[in-house]
Number of protein chains: 2
Amino acid sequence: MDPQADYPPFAVTVDLVVLTVRADQLSVLLVRRAIPPHRGAWALPGGFVHADEKLADAAARELAEETGLTGPVGHLEQLATYGDPGRDPRGRVVTVAHLALLPDLPTPVAGTDADSAEWQPVDRVRTDRLAFDHARILADGVERARAKLEYTPLATAFCPPEFTVAQLRTVYETVWGTRLDPRNFHRKVTGTPGFVTAVGRATEGDRGRPAQLFRRGLATLLYPPMLRPTTPHGRDLR
Amino acid sequence: MDPQADYPPFAVTVDLVVLTVRADQLSVLLVRRAIPPHRGAWALPGGFVHADEKLADAAARELAEETGLTGPVGHLEQLATYGDPGRDPRGRVVTVAHLALLPDLPTPVAGTDADSAEWQPVDRVRTDRLAFDHARILADGVERARAKLEYTPLATAFCPPEFTVAQLRTVYETVWGTRLDPRNFHRKVTGTPGFVTAVGRATEGDRGRPAQLFRRGLATLLYPPMLRPTTPHGRDLR
DNA sequence: CCTATTTTCGTCTATCCGACGATAAGCATC
DNA sequence: GATGCTTATCGTCGGATAGACGAAAATAGG
């Protein structure tokens, strides 16, 4: 196919909404753009898809480049695709946004093609200064993450391989911005089949009673789901 | 931006998974391809995105072309994007798949750039003979539709503007392939805030007691959700 | 020891869901 | 027009679940 002939040529990129929970804050990985357009502005990490590369591979490659991660840590999924004609001044660029959830890694986050990269709490991001349409992509990614915590065990993607129920609860509280009763949460998590499996050991050295350590279970969907407390998300009027 | 210079050029298409409920069957709109590649094979309707066109507009345009619909009927949303290097023999084509849910329209379904178009029950589609990677896109679309019936009032998109509880129940039963208790379903639907609003009139002429007519409510998310009966979707092992 | 802290187990109650009986309200047929 | 058939709608009952909260267990720090 010759794009010049019949159909308009597009450039295709992948952008990443990389979320983590650190210091009791849901945070997103942002890079400062070193080249135009939007030079100097904060943006989601991303880049062009190579000629013979799958979309998911491109996203995984960009994630590895930005975080230094190699192995399959956390979670990566396609989010949505954004392609409004005017979204990139360079021309017709369609971006396939992906959502990544990572544990709080002591990541150096060295920028390669960006001045710098850093974690920013999502509720302190100056969305009005983000490059391109990345404010909307970020909002969609955060909303997707919040919703997915309800029906999937994806909260474990924010945790290290072994974690306590309290750590998992902190993830929920941080992402949702709510407080959860530790006793009911404990019952719910340990009672939902496939959510977590006990590893048999416990923490030591911390304050309070030692906590059992768990790993992520086999379930891909939670049943029953972990519903958000009051006013669950979009419980609309009437 | 010159795609020839720095980055590989892509063609971008939209493909549509158009679903409806007709004759107690969840059915998908398929077209028979009139041109190569995959000439003569069944495929999802779709086409190239124009040079100055939003993705959603392209999807709406294709939907209108294939169904003859003009006004905003039913529901249309982005599904996912598929761009594996080898998925189209003509070159690097990325397709942004969309999901459309429509009421059972007496649609002529006249093919424009296709030999013919027709509704096919999704469980009778010869997925091994669908063009490109459309079998997977179809499967993803059906699964998305099934899942969304649980948490959203989208089942109403399969219904005409005014419908009875029984019609809505038939939609659920057809899409999910299950049977639902009419009494519990009635209680659930009328008791979920914002799901449906009574229009005040009732059906006449049918068999049995006349049924109240409803319209879609204002809610965008159902709370509590309409959970699938036994073995809810992915209730995995353990 | 004593206390503070955190984990974990139980209890109580309101609510929700599935199963199912009972009634309402139309049409068909005699 | 009475009877029966069909479908819609309302109620009831029991088990399961979630939220509120008490209580015990298990550690660290004085």
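Mentor: Gladly! Let us start with a pair of residues in one helix: A:Tyr172 and A:Trp176 both lie in helix α3 (residues 165-176) of chain A, 4 residues apart, about one turn of the helix. Helices here are DSSP runs (H or I, at least four residues), numbered from the N terminus. This is a predicted model, where local features need pLDDT of at least 70 and side-chain atom pairs count only at pLDDT 80 or more, while totals for chains, interfaces and linings use all residues. Residues are numbered from 1 along each chain as its sequence is written, chains are lettered from A and ligands numbered from 1 in the order in which they are written, and side-chain values use heavy atoms, leaving out hydrogens and water.

Trainee: Are A:Tyr172 and A:Trp176 buried or exposed?

Mentor: Buried means under 20% relative accessible area, exposed over 50%, and partly exposed in between, using a 1.4 Å probe and protein chains only. By that rule, A:Tyr172 and A:Trp176 are both buried.

Trainee: Which kind of aromatic pair do A:Tyr172 and A:Trp176 form?

Mentor: Rings of Phe, Tyr and Trp (its six-membered ring) pair if their centres lie within 6.5 Å; planes under 30 degrees apart count as stacked, over 60 as edge-to-face and the rest as tilted. The search of the whole structure finds 7 aromatic pairs over all chains. For A:Tyr172 and A:Trp176, the centres are 4.9 Å apart and the planes make 70°, so by the cut-offs the pair is edge-to-face.

Trainee: Why does the pair of B:Tyr172 and B:Phe185 tie together parts of the sequence?

Mentor: These two rings are 5.5 Å centre to centre with 65° between the planes, an edge-to-face pair. B:Tyr172 lies in helix α3 of chain B and B:Phe185 in helix α4 of chain B, so the parts tied together are 13 residues apart in sequence.

Trainee: How many residues surround DNA strand D?

Mentor: A residue counts as near the strand if one of its heavy atoms lies within 4 Å of it. The closest are A:Arg183, A:Arg187, A:Lys188, B:Arg183 and B:Gln212.

Trainee: Which helix gives the largest share of the surface near DNA strand D?

Mentor: α4 (182-191) of chain A, together with α3 (165-176) and α4 (182-191) of chain B, each supply at least two residues. The largest share, 4 residues, comes from α4(A).
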